Amino acid sequence: GLAQAGAFVVVAGGSEERGGERVKAIQALGGQAAFGKVDVASRDSVTALAQQTKAAHGKIDILINCAGVNNATPYE
């Protein structure tokens with residue numbers, strides 16, 4: 001939705017493969033996107049990605065923090 005509204009989306013995550021797939025899906029819909037590798041458990045990693053994004057795009061307008069575990073297998 002953000003890409004369709006004209007935003008350049010930086011898909012951030014630990015998996016380049018999954019992130020790259022998401023970038024391709026956004027681009028297939030006509031949006032602009034790139035992948036940024038990040039370890040959300042590391043403050044330095046998050047800071048580095050934010051700095052890289054600002055350097056490449058000038059600023060960050062929206063930040064969505066949706067880090068977590070997505071697993072269909074119940075935890076016991």
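Reader: What is the bridge partner of Val 11 in S2?

Author: In this predicted model, Phe 35 of S2 is the bridge partner of Val 11. Another residue of S2, Lys 37, stands opposite Gly 13.

Reader: What makes S1 and S2 a pair?

Author: Two strands pair if DSSP finds at least two bridges between them. Strand S1 (residues 8-13) and strand S2 (residues 32-37) have 6 bridges, in the parallel sense, so they count as paired.

Reader: How do you know what counts as a strand or a helix?

Author: Both are DSSP runs, numbered from the N terminus: a helix is H or I with at least four residues, a strand is E with at least two. The protein chain has 2 helices and 2 strands, and along the sequence they follow the pattern β-α-β-α.

Reader: Why is the unit of S1, helix H1 and S2 called right-handed?

Author: Look with the strands pointing away from you: a crossover is right-handed if the path from the first strand over the helix to the second runs clockwise. S1, helix H1 (residues 16-28) and S2 make a β-α-β unit of this right-handed kind.

Reader: Why is Thr 53 called buried?

Author: Buried means under 20% relative accessible area, exposed means over 50%, and partly exposed lies in between (1.4 Å probe, protein chains only). Thr 53 has 12% relative accessibility, so this residue is buried. Thr 53 is found in helix H2. Across the protein chain, buried residues make up 17% of the 76 residues.

Reader: What is Thr 53 in contact with, leaving aside its neighbours within four places in sequence?

Author: Contact means heavy atoms within 4.5 Å. With those neighbours left aside, Thr 53 is in contact with Val 10, Gly 58 and Ile 60. On the same terms, Gln 32 of strand S2 is in contact with Ala 3, Ala 7, Phe 8, Val 9 and Ile 26.

Reader: What makes Lys 59 and Asp 61 a salt bridge?

Author: Side chains of opposite charge can pair when their charged atoms come close. A salt bridge needs a side-chain nitrogen of Lys or Arg within 4 Å of a carboxyl oxygen of Asp or Glu. The closest N and O atoms of Lys 59 and Asp 61 are 3.3 Å apart, so the pair qualifies. A search of the whole structure finds 1 salt bridge. Lys 59 is exposed at 54%, and Asp 61 is exposed at 62%.

Reader: Which residues form a nonpolar patch on the surface?

Author: Leu 2, Ile 62 and Ile 64 form it, with about 290 Å² of accessible area together. Patch residues have over 30% relative accessible area and no salt bridge; like charges are joined within 9 Å, nonpolar side chains (Val, Leu, Ile, Met, Phe, Trp, Tyr) within 5 Å. Areas come from the Shrake-Rupley method with a 1.4 Å probe, and for residues only the protein chains shown count as cover. Ile 64 has a relative accessible area of 56%, so this residue is exposed. Ile 64 lies in the segment after helix H2 (43-57).

Reader: What should I know about the numbering and the values?

Author: Residues are numbered from 1 along each chain as its sequence is written, and side-chain values use heavy atoms, leaving out hydrogens and water. As the model is predicted, local features need pLDDT of at least 70 and side-chain atom pairs count only at pLDDT 80 or more, while totals for chains, interfaces and linings use all residues.
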